[in-house]
Amino acid sequence: MPMPNPNELWKIADRLETLFLRKNLKRLVARLSEIEKLKSSKVISTAEANKLKKRVDTAVREFAREFEKESKALQELMYENGWKIAARELGIKGTFQGIPRKALQTINQGLVFMHNYSSDLIRIAENEIAVAIMAGDSYENLIARLMSKIEQNGKRNIATLARDQLGRIMQIAAYDSLSENESDIAYYLWNNPNDERTTDWCRNRLYLNPWTVEDVNHCIENNPVKWKGYEIRDPDIGSTFLHPHIQCRSVLTAVSKSAIKEGSTSKEELKGFGLEGKKFE
Ligand SMILES: [Zn+2]
């Protein structure tokens with residue numbers, strides 16, 4: 001499979017009409033150039049570099065494919081570059097699943113909980129987190145990359161920053177995509193590992209499972225600290241219903257109306273779901 005030429009991709013990115021697209025495509029292309037540099041300076045092995053390049057290359061193609069609907073300029077350029085044919089050869093599906101666009105939009109709206117950080121640092125974090133989402137990178141890879149780019153000091157804990165920001169963005173993206181199908185949702189369920197690191201706030205969310213659509217929407221709008229007598233977020237910082245505290249691992253899921261109707265699950269069964277180590281499949 002031929003790798004895209006970064007110079008060619010830069011040109012395409014420059015010609016894109018939408019700032020949003022341009023920004024995200026540039027992030028991916030920058031990553032490709034960076035991998036090339038790491039390879040030539042022998043920081044990473046050729047095999048590792050090829051693996052990374054393949055992943056980013058796939059993300060570039062998927063990204064272009066997803067957004068081609070919106071950008072005529074990109075569509076024409078893709079045609080010129082034969083990307084369409086390449087994408088077809090690669091068997092990339094028509095329906096796009098690789099890149100949660102809501103997550104990228106959230107990043108573009110800015111990262112929160114980062115008031116102590118300089119704007120340079122925030123920009124690095126935004127770029128790296130966007131690339132991690134687009135390329136499907138792990139936390140570990142993201143943290144390693146941020147650590148190599150940001151000088152650590154007493155005030156900064158890069159691992160915390162990465163986990164927290166990525167978690168927050170994915171929480172918002174999960175709700176956004178669920179709420180688009182709100183009419184099919186019977187209940188929302190909070191999910192978290194329920195282990196020694198789970199906070200009381202998040203354990204209370206499990207206790208309060210299942211959540212009605214109305215309750216969830218109400219909480220998102222009004223951001224209460226307590227719900228039905230239980231504290232559900234950190235009252236001291238700028239926490240939200242979807243991101244109740246720093247480093248939160250909780251995520252919102254949903255049970256469809258058809259699952260309830262077909263009797264495969266009942267409201268009674270969903271009470272306190274997740275508290276006793278129960279998992280919703
Ligand atoms: Zn939590």
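Student: At what angle do helix 6 and helix 7 pack?
Tutor: Residues are numbered from 1 along each chain as its sequence is written. Helices (H or I, at least four residues) and strands (E, at least two) are DSSP runs, numbered from the N terminus. Axes are lines fitted to C-alpha atoms, for helices over the stretch in contact, with angles running from 0 to 180 degrees between N-to-C directions; the axes of helix 6 (101–108) and helix 7 (119–135) lie 10 Å apart, at an angle of about 180 degrees.

Student: Is helix 6 roughly parallel or roughly antiparallel to helix 7?
Tutor: Angles under 35 degrees count as roughly parallel, over 145 as roughly antiparallel, 65 to 115 as roughly perpendicular and the rest as oblique. Because of its angle, helix 6 is, relative to helix 7, roughly antiparallel.

Student: How many residues in the contact of helix 6 with helix 7 are charged?
Tutor: Two residues are in contact if their C-beta atoms, placed from the backbone, lie within 7 Å. Here A103, L104 and I107 of helix 6 meet E126, I129, A130 and I133 of helix 7. Ala, Val, Leu, Ile, Met, Phe, Trp, Tyr, Cys and Pro count as nonpolar, Asp, Glu, Lys and Arg as charged, and the others, Gly among them, as polar. Six of these residues are nonpolar, none is polar, and the number charged is one.

Student: How many residues has the largest nonpolar core?
Tutor: A residue is buried if 20 or more other C-beta atoms lie within 10 Å of its own, exposed if 12 or fewer, and partly exposed in between, with C-beta atoms placed from the backbone. A nonpolar core is a set of buried Ala, Val, Leu, Ile, Met, Phe, Trp, Tyr and Cys residues joined through C-beta atoms within 7 Å. In the largest core, L28, V56, I129 and M134 have the most contacts inside it, and its number of residues is 46. Elements that each supply at least two residues of this core include helix 6, helix 7, strand 1 (185–191) and strand 4 (251–256); the size of the core is 46.

Student: Over which residues does pLDDT stay under 50?
Tutor: The protein averages a pLDDT of 76, and 75% of the residues score at least 70. Where pLDDT is low, the predicted coordinates should not be read in detail. The stretch with pLDDT under 50 is residues 77–98.

Student: Is A186 buried or partly exposed?
Tutor: A186 is placed in strand 1 and is in contact with residues including V255, S256 and A259. Since A186 has 18 C-beta neighbours inside 10 Å, it counts as partly exposed.

Student: Which residue does a cis peptide bond join to N209?
Tutor: Most residues other than glycine have a negative phi, and most peptide bonds are trans. The loop between helix 10 (200–207) and helix 11 (213–222) contains P210. With omega about -5 degrees, the cis bond joins N209 to P210.

Student: What is the phi of N223?
Tutor: N223 lies in the loop between helix 11 and strand 2 (226–227). N223 is partly exposed because 15 other C-beta atoms lie within 10 Å. Although N223 is not a glycine, its phi is positive, at about 50 degrees.

Student: Which strands do the buried residues of helix 10 pack against?
Tutor: The buried residues of helix 10 are C202, N204, R205 and L206. Their packing partners are strand 1 and strand 3.

Notes: This is a predicted model: local features need pLDDT of at least 70, side-chain atom pairs count only at pLDDT 80 or more; totals for chains, interfaces and linings use all residues. pLDDT is the predictor's confidence in each residue, from 0 to 100. Lists of a residue's contacts leave out its neighbours within four places in sequence.
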